[in-house]
Amino acid sequence: QTTLSPLSPESVNTYSYGFNDTLFYKMDSTGSTIWSWNFSEPFVVSPDYHRINGYTLSGDRIIVMGLQGSPFGMPGDYFLATFVFDTLGNLLDSHVVWFYNTSVRYVTLFANAEKGAWIVCSFGNNYDTTYCCLLKTDSLGLIDPAFLSPSYVLPGYGNYFNCSSMPDSGYIMVFSSVNMGMNESFTLLSRISKDGYLLWTKSILNTDTTANLIIYNSVTACDSMGSVYLISACDSATPTGYYKRFYASKIDSSGNIITDHKWIFFPPDIAYFTQMYFLGNQLQAQAWFSPGYVYYSLDFDSSFNNTCMGPDFHGDFIFQTTQLGTFSVNRI
């Protein structure tokens, strides 16, 4: 493991396209640096590419996560590192986990209820199947080998998209999968408890065999009653032309659909939604428009209506329960 060092803002190395150091900062409300750490050295002695993949604030702990390995998504050995700080910038502990001869496509983390983190990993050695799992860390970043992760097996090229917190401290996670060979894709919605136990999983499938429908982006939000809101963006190529579709659903805390909407071409310049959240009691979603390359905010009512999106159309999607197994970290 590398020896980390505190860093002053004056010692940052730059070049014409940005930084060639990997840095982690804490700043005050005016943007002034309070403290920073330099992660520019590899986590293990290896020439493989490394980077910081994210961080989470969990209670009074900051868990920073890094990944080192040959170009991400390619088969090889990968090293996942966790670095735990207090909010004053003191390094409390660090760990490195070795993923032997696999291919890591995506890794991210979010806080759990025990001052630790949940780490979401996506693995796959080809474009036929993607395996996603949860890793649970304690407050010092150590991964729990006894935790049994839900086994998310996605046909085709899959990915984790989004996570929202539930009122009971559980979570809703969204995965999407694209199988280019079969011209199909689907969205997987999974609810887990605050301890990581799987409560239910639902899949949204395309049933229109005349269309090449690819779901490429999904966002979620949860209200104070535990209802889940989901928007998925789709590209659809049909014999009569190319369409952009949006599937939206409101789901209760048990996974039953309350209402759903399907929109097409309204408004035509929406590329995809980037996030969704509640501002007080108002559900807001951020959308990226193209051409124009600008972001707009859209407000939805409690039934997930928005007059800017235009009328609904019917068909194409089904919502069904999906059964999942579990596996341990020792099988990764």
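Lys115 is partly exposed, with a relative accessible area of 38%, where buried means under 20% relative accessible area, exposed means over 50%, and partly exposed lies in between (1.4 Å probe, protein chains only). The model is a predicted one, in which local features need pLDDT of at least 70 and side-chain atom pairs count only at pLDDT 80 or more, while totals for chains, interfaces and linings use all residues. Residues are numbered from 1 along each chain as its sequence is written, and side-chain values use heavy atoms, with hydrogens and water left out.

Lys115 forms a salt bridge with Asp60, and the closest N and O atoms are 3.4 Å apart; a salt bridge here is a side-chain nitrogen of Lys or Arg within 4 Å of a carboxyl oxygen of Asp or Glu. This pair links distant parts of the chain, since Lys115 sits in the loop between strand E10 (104-111) and strand E11 (117-123), whereas Asp60 sits in the loop between strand E6 (50-58) and strand E7 (61-69), 55 residues apart. Strands (E, at least two residues) are DSSP runs, numbered from the N terminus.

Another salt bridge joins the side chains of Arg191 and Asp168, at 2.5 Å from N to O. Arg191 lies in strand E17 (residues 184-192) and Asp168 in the loop between strand E15 (157-165) and strand E16 (171-179), so the pair ties together parts that are 23 residues apart in sequence. Arg191 counts as buried, at 9% relative accessibility, while Asp168 is partly exposed, at 42%.

Turning to the strands, an open sheet of three has the order E23-E24-E25, with antiparallel pairing, where two strands pair if DSSP finds at least two bridges between them. E23 and E25 stand at the edges with a single partner strand each, so one side of each is left without a neighbour in the sheet. Seven bridges join E24 to E25, and Gln284 has Asp299 in E25 as its bridge partner.

The largest nonpolar core has 19 residues, a nonpolar core being a set of buried Ala, Val, Leu, Ile, Met, Phe, Trp, Tyr and Cys residues joined through side-chain atoms within 4.5 Å. Strands E23 (270-279), E24 (282-289) and E25 (294-300) are among those that each supply at least two residues of this core, and E24 gives the most, with four. Apart from it lies another core, of 17 residues, among them Val84, Val107, Cys121 and Cys133.
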